[in-house]
Each structure stands twice: as C-alpha cells, then as structure tokens.
Amino acid sequence: WRTGRDGQMTDNEDEGRIHRGLKGVYFERSPTTFIDGRAGDLRYRGYSIHDLARHSTFEETSYLLLRGELPTQSQLDEFDKELKAARKLPDEILDLIATVKAAHPMDVLRTAVSALAAFDDDTEDKSPEATLRKGIRLTSQVPMIVTAHHHIRAGGDPVAPDMNLSHAANFLTMLKGEAPSDDAARLMDMDFVLHAEHGSNASSFTARVVTGTEATLHAAVTAAVAALSGPAHGGAAEDVMKMAKEIGDASKAAEYVKERRKNKEPVTGFGHRVYRAEDPRARHMREGVERLSKEMGEPQWYEILQAVVEAMAPYARHGVNVNVDFYSGVIYYLHGIPSDLFVSIFAIGRVPGWTLQVLEQMDNNILIRPLLKYEGPDFRTYVPIGER
C-alpha cells in the first residue's frame, strides 16, 4: 500500500484488491454501536448490552439510540406517548394486507411499510426532525402490521392495541388476543432490546445505501425489510427451531452435530460474521429460554439447545460460537407464534436501529458506490447480426 506526500491514499492504493462482501471494510464512522467481535462486547452509545438487557426497556433503549442519551422519567414518558399515539394503521393498509394475505409475512410487511409512505404527512420531508418522527411512527406501526396480518390470514379481525401496555406487552396482546404474563412480556421486551441495533449488518447497510441516494425513510426501511427477509440474515431463528424439532431429544444432539460436521454442513445458530467469541446477546436469551420453557411446561426445548451447545464446544476455539438467534426461535415457539413470523419479530425490534442508521447517513450523506473489478473479455469488435 502507498500514500502520497500528504499521507492520503493515492489513486491506485489497494488497486485490484477484492474485499468480498466488504468484509473488514470501514465505510463510515458512527458514534452509536461498539462491537468487539473477539471479546464478545456490544455497547449502545457506550452502555453495555448486558446492563441494557437486564435493566432497560425497549422504549428507553430506543430513546437512547435515537436521541443519544438515556432519558429522564419525563422524557421517557413523552417518548412513550409518541409511540402509543402511533398505534394505528390506515384502513387502506388493512385492506392491502387482506389483499396480499397469502404472501409470506415478510413480503406483507415490506409491502405495507412501502404503502405507508402514501399516508404519512412527513413522507417527503427529509429533515432530521421529520425523519425521527417517521421512525417513531414506524416503530409502532410495524408490530401492528405483523399482528394484523396474522389475524387476517386466519380469517379473523386485527386485535385493537392496548394503550395501557408497554410496546412488548402490547405486541403479544395484539398477536395472541390476551395479555401476556409479566415474565413473558419482559422476555419479549428484552428480545427487542437485544435486536434493536447492531451496526452495519446487511439490512442496516441496505438502509444506508438507499439513504445515500437521498430517498425517504420509508424507502430505506422497505429495502431494509427486504434485506432482512433473506435466510442468510434474518432466518436463523426459524431454522434453529426446525433443527430442535428434528433432533427431538437432548440425547440425540451429539450425534446430530457429529453428522453435520462430518458432512461439512453448518449447525444453525452458530457462527457470526462479526463475533469470534460468543455473541454477548446470547446469554440473556439463554436465561430467558430456560425460564420460559419451564413456565410453559416444555423444558425439553431448552435441554435440546444446551445439548447442542455442549456438542459444539470443541469448535468454539475456532470462533464458531452460539449467536443470539440460537435461542430466539424457541422463545417465539413457546409463545405459540408461527415459525414464518420469527423474522418479522426481528424486524419489530430493529426499526429504531434502521431509523438511527438513516439519520446518521443523512448527517453527512454521500452516495455509496463501491467498484466491481472487471474480469471479462478484452475489447471485442461488434459484428452485425447478419455476419455472425
């Protein structure tokens, strides 16, 4: 690598070097999410994810991400009012959901988020203030889309929101038609906290790319939902539950892992693009699965997962450790949530993070336009079709 006299990169620095998937490439600075993949450390705005998971709420964490500091009680109360005021969907969106109800929930969510742009007074206002208002509204509207579709596709009517409940408890109430236990609501709240933001992951990077073109927040979030729908990004939680069912009993986990490794097949829920140590979010979901599985009278699912973790222990030294989604799917399953909604729940928690990424991109916006190295034919002379 070479630099010019002023210490800046020369035009041909790193020329021809390919960073597939942009792995290890820093494309921007951010004051928000700190990740140390080797140490297994994650912080939002300097606060440990462990402290936030144990002591914070989704509402408070969202405020922290979007506003930069933890709120006072009065600030949190006002923010909570804004979120609750947005717990409504236009009738036209409900009609649209009914029209496309046979589609996968992530496709329905993507379509509905895109359509909401037509009903938001701030859609074309790209100021930070308007973008933040839209992000707050989308944070409340996304769970309403998910739950409305859940009931509509089953031939029922959407469950009305309960303005007295927290974000997580209200989501479970709208989904299941009854208020959850305090422990169940707290666990879902923690799930949302853990998924709220995670740096430049595929969907957040997608949101930034779209924002780089000076498109609107709804466009960016629509694209982010599309990116999250891919199984390589958001699908692990659903696949882990499939694996647990396939194993069936904790005593069979070691043989299952042995066969997967023998065939050079990955074990779902292990490994991460960033973390070489255990995903710091995983321990909180593990504790949650243990409690909830006992509460629901189905401890076998926790036992199966832990047996898989034990069988995978020899591979931890190679950086193949458990990630947060290894436990998430079982939590959703124990709630009786259909497996095709698992990724949608991921999206519910991530809306504040996507909004934050858009706001950061807007603050010093630039068109994100990497290069492709051409390796095709040399110059060729065009031959008219009649002479070929």
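## Helix packing, a cavity and a pocket

Helix α11 (residues 236-247) packs against α15 at an angle of about 75°, and their axes lie 7 Å apart. This is a predicted model, where local features need pLDDT of at least 70 and side-chain atom pairs count only at pLDDT 80 or more, while totals for chains, interfaces and linings use all residues. Residues are numbered from 1 along each chain as its sequence is written, and side-chain values use heavy atoms, with hydrogens and water left out.

**Two helix pairs**

Two packed helices are described by the angle between their axes and the distance between the axes. Axes are lines fitted to C-alpha atoms, for helices over the stretch in contact, and angles run from 0 to 180 degrees between N-to-C directions. Angles under 35 degrees count as roughly parallel, over 145 as roughly antiparallel, 65 to 115 as roughly perpendicular and the rest as oblique.

| Helix pair | Angle | Axis distance |
|---|---|---|
| α11 and α15 | about 75° | 7 Å |
| α2 and α16 | about 10° | 9 Å |

α11 and α15 are therefore roughly perpendicular to each other. Contact means heavy atoms within 4.5 Å. On the α11 side, Ala236, Ala237, Val240, Met241, Met243 and Lys245 take part. They meet α15 residues including Asp325, Phe326, Ser328 and Tyr332. By class, this contact of α11 with α15 has nine nonpolar, two polar and two charged residues. Here Ala, Val, Leu, Ile, Met, Phe, Trp, Tyr, Cys and Pro count as nonpolar, Asp, Glu, Lys and Arg as charged, and the others, Gly among them, as polar.

α2 and α16 are roughly parallel to each other. Phe58, Ser62, Leu65 and Leu66 in α2 meet α16 residues, among them Ile348, Pro352, Leu356 and Leu359. The contact of α2 with α16 has seven nonpolar, three polar and no charged residues.

**The cavity**

A cavity is a set of points on a 1 Å grid over the protein atoms alone where a 1.4 Å probe fits but cannot get out; a pocket is an open set with protein on both sides within 12 Å along at least five of seven lines; lining residues have an atom within 4 Å of a point. There is one cavity of 30 Å³ or more. The largest cavity has a volume of about 40 Å³. Grid points are joined across faces, edges and corners, and a volume is the space filled by probe spheres set on the points.

His195, Gly234, Ala237, Asp325, Ser328, Tyr332, Phe342 and Phe346 line the largest cavity. α15 gives the most to this lining, with three residues. The lining has four nonpolar, three polar and one charged residues.

Of its 17 lining residues, the closest to its centre are Leu359, Glu360, Gln361, Asp363 and Asn364. α16 gives the most to this lining, with six residues. The lining divides into six nonpolar, four polar and seven charged residues.

**The whole chain**

The protein chain has 16 helices and three strands. Helices (H or I, at least four residues) and strands (E, at least two) are DSSP runs, numbered from the N terminus. The C-alpha atoms fill a box of roughly 70 × 55 × 55 Å, taken along the principal axes.
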